[in-house]
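Please consult the sequence and structure shown here alongside the text.

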Amino acid sequence: MAAQPIVAPSMISDPESSTIQEEYVLPPKDFVAALPVREGWSEPLVQYNNYWFRPRLLERILLVKQDFVPRADDIILATQPKCGTTWIKALAFTITNRSCYGFGDHPLLTRHPQHVVPFIEIPAAGLIHTDIHTLSSPRLLATHVPMSLLPPDTRSVGCRVVYLCRDPKDALVSRLHFENKAFQGTNLSMDSAFSMFCEGFSPYGPFWDHCLGYWRESVTRPDSVLFLKYEEIKSDPVNTVRKLAKFLGVPLTEEEERSGVAQEVVRLCSFEALTNLQVNQVGRVRLGDNIFMSNSVFYRKGEVGDWANHMSHEMGDKLDRIVQQKLEGSGLVF
Ligand code: PAP
């Protein structure tokens, strides 16, 4: 892709932190190359406006911030990686398209959830190149971008955003497994991943700031931003489907309630059902021009509390204390 200049105001403020950082008018590659860099994860990360990113992805994020034209009826599924992106993609896709497909011949029986909802900032996500600008409305899109780096017009035009977060301990364990499995040659230990994560150094981290940005937005604009937790969906998936359908403007009808549509959606999108399908066991997900991940890498255990099998209770308590302190006064708790 040809480098394009980032035309941006010289100073921007980040609502998720007190950081004020200068933005330069430079081609993204050069701009990103000049940012602070730190090693530790499968690839060095660069820091921009308080957050840590893979350099190539940050280039994309900067371009998207400039080029993405949001539409009022866009639905954006926002997550930090490993917090349930695959699941929320499956649920939102099934809910919003339920008038088009029956459960017997549903696209999710033959397509990976990552393929049916494209990422805004990751080009060609999915098997086929997906140009999100040519998708018909209403578009269902996904992003890992922090609230402060979403194109500002997503707020002004009133796009609906569903944010899904997860207990940071489980998100960290999931991240560690993903890094070691998906990126050849990576062999990170729990100890080193833990200390980096606790310092706020992780892809798209600090974890807590990412959550806080969307949390605050959901408090001030509850009609536009729905804040969900992985654990809540696990404990009451049927109610989550109802809540999601209502928020997305397609509430379940009485007839649908009677015929158990919410239960069907939950079943189709469940970890057990998806991992039993061949499409989720073999093949690859395209996540960028030359980046492929095996379809199965997005499924591991799909459980709440698996952290206890991978870190000590002292570590768990320490991370809880850090997160509690960072979220203090916000009303958000894990
Ligand atoms: P991404 O953000 O990189 O796209 P994401 O889907 O958030 O990936 O992360 C995968 C996690 O979601 C895995 O968690 P685990 O490592 O703790 O097991 C994966 O198992 C879980 N997951 C994927 N699909 C589902 C599902 N249908 N229900 C519940 N959890 C799921």
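Helices (H or I, at least four residues) and strands (E, at least two) are DSSP runs numbered from the N terminus. Axes are lines fitted to C-alpha atoms, for helices over the stretch in contact, and angles run from 0 to 180 degrees between N-to-C directions. The model is predicted: local features need pLDDT of at least 70 and side-chain atom pairs count only at pLDDT 80 or more, whereas totals for chains, interfaces and linings use all residues. Residues are numbered from 1 along each chain as its sequence is written, and side-chain values use heavy atoms, with hydrogens and water left out.

Two strands pair if DSSP finds at least two bridges between them. Two such pairs are listed below.

| Strand pair | Sense | Bridges | Example of bridge partners |
|---|---|---|---|
| S3 and S4 (residues 45–48) | antiparallel | two | Val37 and Val46 |
| S6 (residues 75–79) and S7 | parallel | four | Ile75 and Leu140 |

Strand S7 (residues 140–143) is covered on both faces: Leu140 and Ala142 on one side, and Leu141 and Thr143 on the other, are all buried. Buried means under 20% relative accessible area, exposed over 50%, and partly exposed in between (1.4 Å probe, protein chains only).

Helix H3 (residues 85–96) packs with helix H12 (residues 261–269) at an angle of about 145 degrees, their axes being 9 Å apart. In this contact (heavy atoms within 4.5 Å), Trp87, Ala90, Leu91, Thr94 and Ile95 in H3 meet Val265, Leu268 and Cys269 in H12.

Helix H10 (residues 237–247) has buried residues Val238, Thr240, Val241, Leu244, Ala245 and Phe247. These pack against H3, strand S8 (160–165), strand S9 (225–229), helix H9 (230–235) and H12. Just after H10, Gly249 has a positive phi of about 85 degrees.

The largest nonpolar core holds 104 residues, of which Leu58, Leu77, Leu172 and Leu244 touch the most other members. H3 gives the most to this core, with seven residues. A nonpolar core is a set of buried Ala, Val, Leu, Ile, Met, Phe, Trp, Tyr and Cys residues joined through side-chain atoms within 4.5 Å.
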